[in-house]
Amino acid sequence: MSRENLHNRPLIGIDLGGTKIEGIVMESAAQPVALERLRRPTESEKGYDHIVAQIAGLVKELSDRTGASPEYIGVATPGTLDPTTQLLKNSNTLCLNGRPLKRDLETALGKSVRMANDANCFAVAEANLGAAKEAAPDARVVFGVIMGTGVGGGVVVDGKVINGMHGIGGEWGHNFLDESGGPCYCGSVGCVEKVIAGPALEKFYTSISGRKLPLKEIVAQIDVEPEAMAVKQRLIYFFGKAISVIVNILDPEVIVLGGGVGNIPWLYTEGVEEAKKHVFNNGKLETLFLRPKLGDSAGVFGAALL
């Protein structure tokens, strides 16, 4: 089949999350319109085989409803597929780690599977369909950020995600940032994720105030509470240092900030100003920092585009 015909065929994407599995049938890469969207609970407490069965059942239901039967199924996963062992790793859905998810899905589905980290799928969707496509359609390098309960990222070059030799392309959340972040589940200390992810900021607030509050409530009190202001200052300072490393290495035209922490408005102003101090460009930073356009749909659209 010609490349043009493939570009105009229906696509199926699956976004495997910790609590839900979302599936989409997209009209085509040329017409990225959702023909059908369905969700099922992940129910990870029931184990690995159950998750595989949930995905297979969702794909079958999507196909039955739309008649779509693409040659490949795209799957966004927590964690990443190790290119050498073909086993999943680095997933916070622990029962997936060390398992041949791609192979088992291909067996269950009877189709080839294209698999990528969920942050990579977020990035490729925002680059090809979302914020970057709209604001800078000629951008060649886009970095997609997820800052929420964790910190992740994805690199897209010329519309395609860069997985890398170890399958960890874009994993800036586990670069060293500051000792104050403490130990990380990955085995390192002071990772970006342990400093500027939502739970890390909440933990810092508790350490200086003695109170436990969700980040949204902390942000709402910034103008009236010194401890909340300290959280803002910490986030601005360390976001600037962390994201400047990405700019210095990749020099992307666009950075899209997703996740709950990415919704905080002053990251796009004061956070970017802080980053300027650390970018190797005579104090100039012309990279576009954008809010995502696809919201929580980015992962499943990105999976379909795989």
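**Exercise 1.** Work out whether Ile255 is buried or exposed.

*Solution.* Start with the cut-offs: buried means under 20% relative accessible area, exposed over 50%, and partly exposed in between (1.4 Å probe, protein chains only). Ile255 has a relative accessibility of 0%, so Ile255 counts as buried. A note on what you are viewing: this is a predicted model, where local features need pLDDT of at least 70, side-chain atom pairs count only at pLDDT 80 or more, and totals for chains, interfaces and linings use all residues. Residues are numbered from 1 along each chain as its sequence is written, and side-chain values use heavy atoms, leaving out hydrogens and water.

**Exercise 2.** Find which residues Ile255 touches.

*Solution.* Contact means heavy atoms within 4.5 Å. Leaving aside residues up to four places away in sequence, the partners of Ile255 include Phe143, Val145 and Leu288.

**Exercise 3.** Classify the pair formed by Phe143 and Trp172.

*Solution.* First, the rule: rings of Phe, Tyr and Trp (its six-membered ring) pair if their centres lie within 6.5 Å; planes under 30 degrees apart are stacked, over 60 edge-to-face, and the rest tilted. The structure holds two such aromatic pairs. Next, the ring centres of Phe143 and Trp172 are 6.3 Å apart with planes at 85°, so this pair is edge-to-face. Finally, check burial: Phe143 is buried, at 1% relative accessible area, and Trp172 is buried at 1% too.

**Exercise 4.** Now try Tyr237 and Phe238.

*Solution.* Their rings lie 4.8 Å centre to centre with 70° between the planes, which is edge-to-face. Then look at accessibility: Tyr237 is partly exposed at 36%, whereas Phe238 is buried at 7%.
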